[in-house]
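This report examines selected local features of one protein chain. The sequence and structure are shown first, and the discussion follows.

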Amino acid sequence: MIDSILITYGTRPFAQRVGRLLSSRYEVAYASSEPFPDILLKQRYNRIPTGANPTFAHEILKLCLDSGYQMVLPLGKMEWRPLNEARVLLEEYGIVVLLPYDLEDRFILENPSGSVHVLKSGKDLLTDEQLCDSHFSGVGMLSDSGEEPVWCVIE
């Protein structure tokens, strides 16, 4: 059975690019708190509340359990804190949150145009190559030195 991943801010171009990158190996679904046409609900798009909503993490958990998503890739800054705080709860249900463990100490690049990697514990999800330390999960690019990942996000 193929693993599935839920990407937030799914109507944005960067999320679409990441989804296309992962689609060769994973079943990709999208979620967004932004308005989108109802027709997309039939094409693996899901409506979610904004990250500022107090029920955000619980809605993500419910959506993942109901739809069988094993991983969540949050791309919006507003979503990081609630999902990081709920990480242990989600992991108890077998759902991996693709966020760095040290949110505050990361270089961030918004809407990068270059080549990116989607990492889980420092390992590229497509190649299984260990690219950086195990504390980094999420979308990243390696820094010019090649030693530190730069966290890539939408906003």
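The model discussed here is predicted. With a relative accessibility of 43%, N111 therefore counts as partly exposed. This residue is found in the loop that runs between β6 (108–110) and β7 (117–120).

The loop between β8 (123–124) and β9 (138–142) holds D128. Its relative accessibility is 43%, so D128 counts as partly exposed.

## Helix α2

Helix α2 comprises the twelve residues 56–67. At 1.5 Å a residue the helix should span 16 Å, and because its end C-alpha atoms are 16 Å apart, expectation and model agree. Just after α2, G68 takes a positive phi of about 80 degrees.

Which residues of α2 are buried? They are F56, A57, I60, L61, L63 and C64. These residues cover an arc of only 165 degrees around the axis, which means that they lie on the same side of α2. Among the elements that cover them are the strands β1 (4–8), β2 (27–32), β3 (45–47) and β4 (71–73), together with the helices α3 (77–85) and α4 (87–92). The face turned away from the buried side carries the exposed residues H58 and D66.

## Two buried polar side chains

T8 lies in strand β1 and has a relative accessible area of 0%, so it is buried. A polar atom of the T8 side chain lies 2.9 Å from the backbone nitrogen of L75. Leaving aside neighbours within four places in sequence, T8 is in contact with A15, A31, I48, L73, P74, L75, G76 and E79.

R87 lies in helix α4. Although R87 is buried, it has no salt bridge, and the nearest side chain of opposite charge, E91, is 4.7 Å away. The R87 side chain instead reaches the backbone oxygen of P100 at 3.2 Å. Leaving aside neighbours within four places in sequence, R87 is in contact with V97, L99, P100 and Y101.

## Salt bridges

Side chains of opposite charge can pair when their charged atoms come close. The structure holds six salt bridges. One of them joins the side chains of R44 and E27, at 2.7 Å from N to O. This pair links distant parts of the chain, with R44 in the loop between β2 and β3 and E27 in strand β2, 17 residues apart. R44 has a relative accessibility of 32% and so counts as partly exposed; E27 is also partly exposed, with a relative accessible area of 32%.

A further salt bridge joins D38 and R47, again at 2.7 Å from N to O. D38 counts as exposed at 54% relative accessibility, whereas R47 counts as partly exposed at 42%.

K62 is partly exposed, with a relative accessible area of 48%, and D66 is exposed, with a relative accessible area of 56%.

Note on methods:
Residues numbered from 1 in each chain as written. Predicted model: local features only at pLDDT ≥ 70, side-chain atom pairs only at ≥ 80, totals over all residues. Heavy atoms only, no water. Helix = DSSP H or I, 4+ residues; strand = E, 2+ residues; numbered from the N terminus. Expected span 1.5 Å × (residues − 1). Buried < 20%, exposed > 50% of the residue type's maximum accessible area, 1.4 Å probe, protein only. Arc of directions from axis to C-beta. Contact = heavy atoms within 4.5 Å. Lys, Arg positive; Asp, Glu negative; His and termini not counted. Salt bridge = Lys/Arg side-chain N within 4 Å of Asp/Glu carboxyl O. Polar contact = N/O pair within 3.5 Å; in protein donor to acceptor, adjacent residues only side chain to side chain.
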